[in-house]
Amino acid sequence: MKTFKVLEIKESIFEDNNRQADLLRDELKEKKTFLLNLMSSPGSGKTTTVLRTIDSLKSDMNIAVMEADIDSDVDARAVANTGTKVIQLHTGGMCHLDADMTKQGLTGLGTEDIDFIILENVGNLVCPAEFDTGASKNAMILSVPEGDDKPLKYPLMFSMVDVLLINKIDTIDYFDFDLEAVKVRAQKLNPDIKIIPISAKTGEGIDEWADWIRTEVKKWQE
């Protein structure tokens, strides 16, 4: 039998991405531009949450949005209708963004005089958690209809985010969803995680979410 080499490249890929992410974070810090990486499953209400966030913060800061999808521009059109600066990123089949892709998006968007940028990452709970985008902070949305077992199934995602938004809280009476169980499971993985129950549809919890962003942006710009 012929012998062959086995080359482990995964670690070096991540190391290179992490270096690029750190450099990008430094650049954003110097420009006083806060970048939020927002992740979730498809259908969790990510874009609706983005629109609510824009409405709550548009009088306080200059906001821009980067919409990442494998294809389509539906979400970018929805954001553009608010008058907010937005760019659509097509990943060419990739299920995540890495630091280099994020930087390309920021270059295309233009960050001059922008205080707060939302990166709406590709919708899934696996790949986006593995790649540092260079964001200032990371957030994720878990919607009530998805179930309360997701921290058990996707521990990496819950362990690496700064904020967990539990969306569609207005539907909790219609689903077998244990809010306290989610909190316990998420905090076991990530003791420092901030958990905010919201309804992007009704606006419940959005004020708390907006206040968290205001605080973090101010810290970033100091």
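Is Lys168 buried, exposed or partly exposed? At 25% relative accessibility, Lys168 counts as partly exposed, where buried means under 20% relative accessible area, exposed means over 50%, and partly exposed is in between, with a 1.4 Å probe and protein chains only. I will come back to this residue after the overall picture.

First, the ground rules. This is a predicted model, in which local features need pLDDT of at least 70 and side-chain atom pairs count only at pLDDT 80 or more, while totals for chains, interfaces and linings use all residues. Residues are numbered from 1 along each chain as its sequence is written, and side-chain values use heavy atoms, with hydrogens and water left out.

Now confidence. The average pLDDT of the protein chain is 92, and 95% of the residues score at least 70; pLDDT is the predictor's confidence in each residue, from 0 to 100. A contact here means heavy atoms within 4.5 Å.

Next, the chain as a whole. The protein chain holds 9 helices and 7 strands. Both are DSSP runs numbered from the N terminus, with helices being H or I of at least four residues and strands being E of at least two. What radius of gyration does the protein chain have? The value is 18 Å, which agrees with the figure near 17 Å that a compact globule of 222 residues would have. That radius is taken over C-alpha atoms, and the globule rule is 2.2 Å times the number of residues to the power 0.38. Along the principal axes, the C-alpha atoms fill a box of roughly 65 × 45 × 35 Å. Of the 222 residues, 50% are buried. Among contacts with a separation of 6 or more, 74% are between residues 24 or more positions apart.

Lys32 sits in the loop between helix H1 (10–31) and S1. Lys32 counts as partly exposed, because its relative accessibility is 40%. Its phi is positive, about 60 degrees, although Lys32 is not a glycine. Most residues other than glycine have a negative phi.

Strand S1 covers residues 34–40, and Phe34 lies in it. Phe34 counts as buried because its relative accessibility is 1%. Beyond its neighbours within four places in sequence, Phe34 is in contact with Asp115, Phe116, Ile117, Ser136, Lys137, Glu216, Val217 and Trp220.

Ser40 is also found in strand S1. With a relative accessible area of 0%, Ser40 is buried. Not counting residues up to four places away in sequence, Ser40 touches Lys46, Val122, Gly123, Asn124, Leu125 and Ile141. Ser40 and Ser143 are 103 residues apart in sequence, yet 8.7 Å apart in space, C-alpha to C-alpha.

On to strand S2, where Asp69 lies. Asp69 counts as buried, because its relative accessibility is 18%. Its contacts, leaving aside neighbours within four places in sequence, are Asp75, Gln88, Leu89, His90, Thr91 and Val122. Between the C-alpha atoms of Asp69 and Thr91, 22 residues apart along the chain, the separation is 6.2 Å.

His96 is in the loop between strand S3 (85–90) and helix H4 (99–109). His96 has 6% relative accessibility, so it counts as buried. Leaving aside neighbours within four places in sequence, the residues in contact with His96 include Thr91, Met101, Asn121 and Phe131.

Back to Lys168, as promised. Lys168 is found in the loop between strand S6 (163–167) and helix H8 (179–189). Phi of Lys168 is near 65 degrees, a positive value in a residue other than glycine. Lys168 and Phe34 are 134 residues apart in sequence and 26 Å apart in space, C-alpha to C-alpha.

Last, the pocket. Which residues lie nearest the centre of the largest pocket? They are Pro42, Gly43, Lys46, Asp75 and Glu120, out of 15 lining residues. Helix H2 (46–57) and strand S2 (63–69) are the elements that give two or more residues to this lining. On a 1 Å grid over the protein atoms alone, a pocket is an open set of points where a 1.4 Å probe fits, with protein on both sides within 12 Å along at least five of seven lines, and lining residues have an atom within 4 Å of a point.
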